[in-house]
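Colleague: I'm new to this one. Can you put it on screen and walk me through it?

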Amino acid sequence: MDDPKTLVSTDWLAAHLKDPDLRILDASWFLPQMERDAKATYEAKHIPGARFFDIDEISDNRSDLPHMAPPPEKFISRMRAMGVGDGHQVVIYDQHSVFSAPRVWWTFRLMGKTDVAVLDGGLPKWEAEGRPLEDMPPMVRDRHMTVQRQSGLVKDVTQVAHASKLGDHEIIDARPNDRFLGNGTEPRPGLRSGHIPGSRNLPFGELLTPEGTFKSPDEIKALFEAAGVDLSKPAITTCGSGVSAAILALALEIIGKSDWSLYDGSWSEWGMYNDLKVATGEA
C-alpha cells in the first residue's frame, strides 16, 4: 500500500512525477570506506527533477559526531535554497535500494513535516524498470518553509543511558550481528566493540526483500518480535551513526507503532566514551 507519509512505490512516483507540488530528493550517502562520491553519482544520473540532499553538509557542524541532525534554522535555509517548502509532498530515494533515504525522512519528521515518504526500492528499482533518468539540474524556485521541531523523535546519550538502565524502552540496534556481538570491526576508528546494555539486534537488511524493497507489515512485525522486541514499550533505534537506525524507525512507523525515537549519536558516540557500559555477546 502506498502511503505518502511513509513509503511509496515506483509506480506511485511515476504516476505523480509531474505533480507541481512534488519534490524529489536524492539522499544518497556512502560509508567512508566505500570511497564513493554521492553527489557525483547524483549529477551523473537521477530521477527527473530530483535535488541532492547532502546528509553530511545539512547537519549540525558544531558537533564532532558525524551528520548529527541540523538545527531548524539551517534545515530551513537549505530547503528553501533547494526549492522545498510548505505544501510540498516530498519523496526521498537513495542509490542503494533502501539505506540512507530513511535518515532524511526522519530529519523531515523531526522538523514537523509529515508529507514525506521514502521510495521503496530506491534508484536501483526505478532504473531496473526502465523509468526515466536525467543528468540535468532541476530549475529551483525559493519556497517558504516553516518547521516545528518534534523533540520526542530524537534521543541524546543521557536519555539513552537512562533507558538502558531502567529498561523502560526497547533499544533496537540496526548494525550487523557481528558488530552487535562485539566480534566485528567498527568502520570508524577508536570505537569499542559491542552494544548498549539491554538493547536488541535487528540488522536493517533483514527488513528488506532480495529486491531491496520493504517486506510486508506482518513480516516486519514478526521480525521485531523474533528479535525479542516488546512492541508494547516505546522504542529507541540506534546503529553506527544514526543512518540505518532510521530504517528501523520507518519500519516501526509502517507497522503502526508511533512511540519511537532515534538515538542520533548512536555507536559513534556510545562506543567512544569509556564511562558508558558496553555489553558483548547475545542480547
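Modeller: A definition to begin with: two strands pair if DSSP finds at least two bridges between them. Helices (H or I, at least four residues) and strands (E, at least two) are DSSP runs, numbered from the N terminus. This is a predicted model, where local features need pLDDT of at least 70, side-chain atom pairs count only at pLDDT 80 or more, and totals for chains, interfaces and linings use all residues. Residues are numbered from 1 along each chain as its sequence is written, and side-chain values use heavy atoms, with hydrogens and water left out.

Colleague: Good. Which residue stands opposite Tyr93 in strand 4?

Modeller: Asp26 does. Strand 2 (residues 22-26) pairs with strand 4 (residues 89-93) in the parallel sense, over five bridges.

Colleague: What is the strand order in that open sheet?

Modeller: The order is 1-5-4-2-3, five strands with parallel pairing. Strand 1 (7-8) and strand 3 (51-52) each have a single partner strand, so one side of each has no neighbour in the sheet.

Colleague: How many bridges join strand 4 to strand 5?

Modeller: Three, and the two strands run parallel. Val91 stands opposite Ala117 in strand 5 there. Strand 1 is joined to strand 5 by two bridges, also parallel. In strand 5, Leu119 has Val8 opposite.

Colleague: Which strands does helix 4 lie across?

Modeller: Helix 4 (residues 101-110) lies across strand 2, strand 4 and strand 5 (116-119). The helix runs at about 180° to strand 5. Axes are lines fitted to C-alpha atoms, for helices over the stretch in contact, and angles run from 0 to 180 degrees between N-to-C directions.

Colleague: New topic. At what angle do helix 4 and helix 9 cross?

Modeller: Roughly 65°, with the axes coming within 8 Å. Helix 9 covers residues 245-254. The two helices are therefore roughly perpendicular. Angles under 35 degrees count as roughly parallel, over 145 as roughly antiparallel, 65 to 115 as roughly perpendicular and the rest as oblique.

Colleague: Which residues meet there?

Modeller: From helix 4, Pro102, Arg103, Trp105, Trp106 and Arg109. From helix 9, Ala246, Ile247, Ala249, Leu250 and Glu253. Contact means heavy atoms within 4.5 Å. By class, this contact has seven nonpolar, no polar and three charged residues. Ala, Val, Leu, Ile, Met, Phe, Trp, Tyr, Cys and Pro count as nonpolar, Asp, Glu, Lys and Arg as charged, and the others, Gly among them, as polar.

Colleague: And helix 8 with helix 9: how close do the axes come?

Modeller: Within 9 Å, crossing at roughly 120°. That makes helix 8 oblique to helix 9. Pro217, Ile220 and Phe224 in helix 8 meet Leu248, Ala251, Leu252 and Ile254 in helix 9. This contact has seven nonpolar residues, no polar and no charged.

Colleague: Last one. Which residues does the UniProt domain annotation cover?

Modeller: The unreviewed UniProt entry gives "domain: Rhodanese" for residues 18-135 and 165-279. UniProt positions are in the numbering used here, feature names are shortened, and annotations may be inferred rather than shown by experiment. Residues 18-135 are 29% helix and 14% strand, with end C-alpha atoms 17 Å apart. For residues 165-279, the figures are 28% helix, 12% strand and 12 Å between the end C-alpha atoms.
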